[in-house]
Amino acid sequence: MRAVVFEQYGKPAEVREVPDPEPAEHGVVVRVEATGLCRSDWHGWMGHDPDITLPHVPGHELAGVVEAVGTRVTGWRPGDRVTVPFVCACGTCPSCAAGDQQVCERQTQPGFHHWGSFAQYVALDHADVNLVAVPDGMTYATAAALGCRFATAFRAVVRQGRVAAGEWVAVHGCGGVGLSAVMIAAASGARVVAVDVSPRALDLARKFGAAECVDATRVPGTAAAVQELTGGGAHLSLDALGSPATCAASVDSLRRRGRHVQVGLLPSADGTTPVPLARAIALELELLGSHGMAAHAYPGMLELVGSGVLRPDLLITRTIALDAVPEALAALGTAPGAGVTVIEPWS
Ligand SMILES: [Zn+2]
Ligand SMILES: [Zn+2]
């Protein structure tokens with residue numbers, strides 16, 4: 001099969017022939033019809049993810065058709081249309097037993113722990129725990145756009161963030177996950193303030209339901225701007241980018257007893273990130289993390305997509321072939337772009 005392979009961190013990846021994968025006993029091999037290009041792929045390529053070993057094939061937001069099935073898989077057969085959370089759970093550890101597969105203790109993430117979906121085929125573990133049926137009528141591109149970002153935003157806003165109608169929600173960073181969060185919060189009846197440095201991203205945020213936009217290049221303090229627009233601070237604020245600055249701005253955007261949800265990854269040299277904890281104490285803030293979404297939680301989200309309340313398809317701004325991936329992957333470092341790029345490995 002053809003795949004995007006890199007041999008060294010930060011050095012150009014290349015598209016080349018590699019052996020087709022085989023399914024594990026508990027796993028499947030999926031023919032990849034569409035796969036999203038995510039900033040986490042860029043972090044992996046840069047060497048920010050300790051789970052990666054070289055050479056490596058990235059890619060973790062995928063949809064496709066089951067091609068081959070392991071001997072112990074009972075729920076899936078060749079020809080099934082499927083997608084998968086980026087956290088593939090083991091199904092048996094205490095977290096999985098509690099229904100929290102998104103923080104599984106023995107998780108395997110395609111494109112990180114093993115070769116991913118920037119390829120014509122991908123092997124996925126523990127299929128009976130992790131595969132999600134793509135509804136009839138949903139395209140593979142839309143299903144791939146649920147990827148890590150839309151599903152992660154859904155859990156971050158709805159479950160971890162406990163959004164309520166009428167609340168003010170601030171979203172810091174309007175890339176794929178941020179725009180998804182804007183759409184989901186607005187559809188939940190919240191009033192959304194979108195924050196970004198890119199006018200194009202803010203235009204999209206407004207299109208997806210943001211009531212207010214803050215151009216972070218034009219105001220001296222984005223948190224103060226959010227506080228003013230919301231009459232004292234947001235009830236819920238998300239750092240959807242993942243940087244010390246946006247993390248702090250999100251916490252500083254909150255009103256008393258507000259909730260911060262950290263969604264963007266926060267890699268740093270020493271492994272820690274400064275957070276305005278003094279403010280968290282004085283204002284009784286809640287600081288929460290959010291990490292993907294378990295397969296069993298997908299039906300509620302898929303129902304809202306099916307009924308047209310949520311439109312992940314509108315997040316797709318670009319479709320590219322496998323050959324264009326090495327350049328697009330490298331470009332994520334300097335120009336993250338607006339919306340979601342979908343790769344079609346067979347085009
Ligand atoms: Zn587990
Ligand atoms: Zn991702």
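## A salt bridge to start with

Let us begin with arginine 257 and glutamate 284, whose side chains meet in a salt bridge, with 2.5 Å from N to O. This pair links distant parts of the chain: arginine 257 sits in strand β12 (residues 254-262), while glutamate 284 belongs to the loop between α9 (277-282) and β13, 27 residues apart. Arginine 257 is exposed, with a relative accessible area of 57%, whereas glutamate 284 is partly exposed at 46%. Please keep in mind that you are looking at a predicted model.

## Other charged pairs

How many salt bridges does a search of the whole structure find? The search finds 12. One of them joins the side chains of glutamate 286 and arginine 162, at 2.8 Å from N to O. Here too the pair links distant parts of the chain, with glutamate 286 in strand β13 (residues 286-289) and arginine 162 in the loop between α4 (140-160) and β8 (168-172), 124 residues apart. Glutamate 286 is partly exposed, with a relative accessible area of 29%, and arginine 162 also counts as partly exposed, at 42%.

Another salt bridge brings together the side chains of aspartate 215 and arginine 218, at 3.0 Å from N to O. Aspartate 215 counts as buried, with 16% relative accessibility, but arginine 218 is exposed, at 70%.

## Helix α6 and its two faces

Next, have a look at helix α6, which covers residues 199-207. Which of its residues are buried? They are Ala201, Leu202, Leu204 and Ala205. Seen down the axis of α6, these buried residues fall within an arc of 160 degrees, so they line one face of the helix. An α-helix has 3.6 residues a turn, so residues three or four places apart point the same way.

What do the buried residues of α6 pack against? Their partners are α5 (176-187), β9 (191-196), β10 (212-215) and β14 (316-321). The face of α6 turned away from the buried side carries the exposed residues Pro199, Asp203 and Lys207. After α6 comes glycine 209, with a positive phi near 115 degrees.

## A zinc ion held by four cysteines

Now to the metals. The zinc ion (ligand 1) is coordinated by the SG atoms of Cys90, Cys93, Cys96 and Cys104, at 2.3 to 2.4 Å. The angles among its four donor atoms run from 101 to 116 degrees, and the site is tetrahedral. Along the sequence, the donor residues of this zinc ion follow the spacing C-x2-C-x2-C-x7-C.

Cysteine 90 lies in the loop between β5 (81-83) and α2 (94-97), and cysteine 104 in the loop between α2 and β6 (121-124), so the pair ties together parts that are 14 residues apart in sequence. Are these two residues buried or exposed? Both cysteine 90 and cysteine 104 are buried.

## A zinc ion with a histidine among its donors

Which residues coordinate the zinc ion (ligand 2)? They are Cys38 through SG, His60 through NE2 and Cys148 through SG, at 2.0 to 2.2 Å. In sequence, the donor residues of this zinc ion are spaced C-x21-H-x87-C.

Cysteine 38 is buried, as is cysteine 148.

How values were computed
Residues numbered from 1 in each chain as written. Chains lettered and ligands numbered in written order. Predicted model: local features only at pLDDT ≥ 70, side-chain atom pairs only at ≥ 80, totals over all residues. Heavy atoms only, no water. Salt bridge = Lys/Arg side-chain N within 4 Å of Asp/Glu carboxyl O. Helix = DSSP H or I, 4+ residues; strand = E, 2+ residues; numbered from the N terminus. Buried < 20%, exposed > 50% of the residue type's maximum accessible area, 1.4 Å probe, protein only. Arc of directions from axis to C-beta. Contact = heavy atoms within 4.5 Å. Donors = N, O, S within 2.8 Å, 3.2 Å for Na, K, Ca; no water. Tetrahedral: all angles 85-135°; square planar, octahedral: opposite > 155°, others 65-115°.
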